[in-house]
Amino acid sequence: MTTIGDGASLTLSWRELLELAEGFLTAHGLSPEQARALALSLCRAERDDSRSHGLQRLPGTLETMAHPAFNRKADPRAEMLTPAIIRVDADYGFSSLAVERGLPPLMEAARSLGIAVLAVNNGFHATALWPVLEEIAAQGLAGLSMNPTHDWVAPAGGSGGVLGTNPIGFSWPRRGRPPYVFDFATSAGARAEIALRRQQGRALPPGWGLDREGRPSTDPAAVLAGAMLPFGGHKGSALATMIELLAGPFIADRTSRQSALFDDGARAAPCHGELIVAFDPVLVGAASGQGNDAEAAAEDLFARIEQQGGRLPGARRHAARARAKTEGISISRPLHEKILALMP
Ligand code: NDP
């Protein structure tokens, strides 16, 4: 039941949140299957206080669905290219349904072969990577996922956009505990954060971007018109380049440059490929005959990190999820009103 929160927010149950997101998407003509898969990912992010990929993405789905190539009725099917390589063509719908359909054969192949690859092609991508990585970890497997975006990011030492904000995520399963999961963009700052700071009139931290002339800038508007920078200088730049290659040419799909050209000013979610790899740590460890206890070694590593006072990535989200279970999910009132106002 909806409860009224403070002036700035209101609290919804998980079911209400899902109904809101699914209802919005189907009301705009998205097939029920696609709407369910996308809404699930956005609602998980909202629940886990990962708002950048939560319900605030809903209004933008209208621009994506207006792209001339977008397919509201996309019905992706998984195909086995080899026993270890699965391909799903998202058929120019949102990538969430294609990923959902590729996961069961991916995990089955990883369990029998030790490692398997899922190539998702031609999907409009609007979600975070961690929800799927958590699903892989829940099956006792490790997961790795990455994708290009649009060429907003200059290479280290460069002066204009070539690379995407290219997110990368990884998960490792843990018995009886939430999995180890990290998931972040390879740009120094998130594009949404830069846009937000422009709105608020706040400067950017140094090292986030360049102006149109390729000069370092802390002005959000100048950086949005110029180029973002990768995190970690040449290291982030190389990582982003690897993501371009593995989730682009390797799976016969678009680079961030090609994805931006495909968008052609429509301001849709980037349309490209996604690479997901699943590994079976038990099978590979056992087959190597080294006799190392993979689980014990991994737990020792995590404990040593935590003993230093650090937290594991994913811990913040799981704390938010536990709060949502008892307190419900708080959503910004202006966002809620905007979603309702955009209902046809
Ligand atoms: P952040 O820089 O916020 O980093 C997020 C990751 O780092 C999370 O795994 C987070 O865990 C972990 N983390 C943050 N602080 C700490 C800490 N102090 N100690 C340990 N771990 C920490 O992420 P970004 O802004 O770069 O990306 C946010 C999201 O945006 C991602 O989910 C990404 O997939 C998504 N994205 C998606 C794109 C797309 O193409 N669809 C493009 C770009 C980004 P925790 O969650 O527990 O805080």
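**Helix packing and buried residues**

Tutor: This model is predicted: local features need pLDDT of at least 70, and side-chain atom pairs count only at pLDDT 80 or more. Residues are numbered from 1 along each chain. Helix H2 (residues 32-47) packs with helix H5 (residues 130-138) at an angle of about 95°, their axes 9 Å apart.

Student: Why are H2 and H5 called roughly perpendicular?

Tutor: Angles of 65 to 115 degrees count as roughly perpendicular, under 35 as roughly parallel, over 145 as roughly antiparallel, the rest as oblique. The angle here is about 95°, so H2 and H5 are roughly perpendicular.

Student: Which residues make the contact?

Tutor: Contact means heavy atoms within 4.5 Å. H2 gives Ser 41, Arg 44 and Ala 45; H5 gives Trp 130, Pro 131 and Glu 135.

Student: What makes Asn 122 count as buried?

Tutor: Buried means under 20% relative accessible area, exposed over 50%, partly exposed in between (1.4 Å probe, protein chains only). Asn 122 has 12% relative accessibility, so Asn 122 counts as buried. Asn 122 is in strand E4 (residues 115-124).

Student: And Asp 264, buried or exposed?

Tutor: At 66% relative accessibility, Asp 264 counts as exposed. Asp 264 lies in the loop between H9 and E11.

Student: Which residues of helix H9 are buried?

Tutor: Ser 256, Ser 259 and Asp 263 are buried in H9 (residues 256-263). They cover an arc of only 60° around the axis, so they sit on the same side of H9. The arc is that of the directions from the helix axis to the C-beta atoms.

Terms used:
Side-chain values use heavy atoms; hydrogens and water are left out. Axes are lines fitted to C-alpha atoms, for helices over the stretch in contact, and angles run from 0 to 180 degrees between N-to-C directions. Helices (H or I, at least four residues) and strands (E, at least two) are DSSP runs, numbered from the N terminus.
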